[in-house]
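Open the model in your viewer and keep the selection tool at hand. This tour goes stop by stop.

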Amino acid sequence: MWIREHSKFYPDVSPEAIWKIWVNINNWPSWHGDLDYCKLDGEFKVGNHFMLKPKGAPAVKIMLTEINEMRNFTDCTKFFGAKMHDTHSMEVKDDGVLLSNKLVVTGPLKWLWIKLVAKNVADTVPDEMDSLVNLARNKG
């Protein structure tokens with residue numbers, strides 16, 4: 001199992017604004033600079049899928065596997081011989097929010113998908129968190 005985590009505290013940002021942006025998957029490219037598009041099939045609920053198309057790479061189908069409203073959600077990408085779970089969490093504090101992201105890759109071919117996908121995803125998390133918060137502050 002391969003795990004990569006990143007957390008950062010952001011003062012003076014509305015947790016409701018963060019959650020509203022997270023659940024609007026079709027608009028993720030506005031704060032994910034490395035995406036061509038995202039398209040959610042149905043509502044933001046467990047079991048539904050979305051297509052995510054990174055720039056310069058093929059689109060992937062991702063399933064929403066866990067949702068705890070206003071706290072966290074997890075999505076899962078299935079690759080040949082591996083799975084990647086991506087958990088996005090928010091802990092509300094008195095003066096802001098603590099955002100966390102946890103990537104977990106499992107399976108016999110995890111080494112391949114870490115090299116091809118997961119490492120790059122993990123490396124972009126800090127900038128994407130900052131972009132998410134900037135968007136939330138502007139819309140909040």
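Is Met70 buried, partly exposed or exposed? Select Met70 and show the surface. Met70 counts as partly exposed, because its relative accessibility is 25%. (Buried means under 20% relative accessible area, exposed over 50%, and partly exposed in between, with a 1.4 Å probe and protein chains only.)

Before moving on, some ground rules. This is a predicted model: local features need pLDDT of at least 70, side-chain atom pairs count only at pLDDT 80 or more, and totals for chains, interfaces and linings use all residues. Residues are numbered from 1 along each chain as its sequence is written, and side-chain values use heavy atoms, with hydrogens and water left out.

**Stop 1: the whole chain**

Switch to cartoon view. The protein chain has two helices and seven strands.

Now zoom out. The C-alpha atoms fill a box of roughly 45 × 30 × 25 Å along the principal axes. Color by burial next: 39% of the 140 residues count as buried.

**Stop 2: two loops**

Return to Met70. It sits in the loop between strand S4 (60-68) and strand S5 (72-79).

Select Asp12 next. Asp12 lies in the loop between strand S1 (2-11) and helix H1 (15-23). Phi of Asp12 is near 55°, also positive in a residue other than glycine. Asp12 counts as exposed, because its relative accessibility is 66%.

**Stop 3: the cysteines**

How many disulfides are there? The count comes to zero, where a disulfide is a pair of cysteine sulfur atoms within 2.5 Å. Select Cys38: it is in no disulfide, and the nearest cysteine sulfur, that of Cys76, is 16 Å away. Go to Cys76 and look back: the 16 Å to the sulfur of Cys38 is too far for a bond. Cys38 is buried, with a relative accessible area of 5%. Cys76 is buried too, at 7%.

**Stop 4: the charges**

Show the charged side chains. The protein chain has 18 positive and 18 negative ones. (Lys and Arg count as positive, Asp and Glu as negative; His and the chain ends are not counted.) The centres of the two sets lie 7 Å apart, with each charge placed at NZ of Lys, CZ of Arg, CG of Asp or CD of Glu.

Notes: Helices (H or I, at least four residues) and strands (E, at least two) are DSSP runs, numbered from the N terminus.
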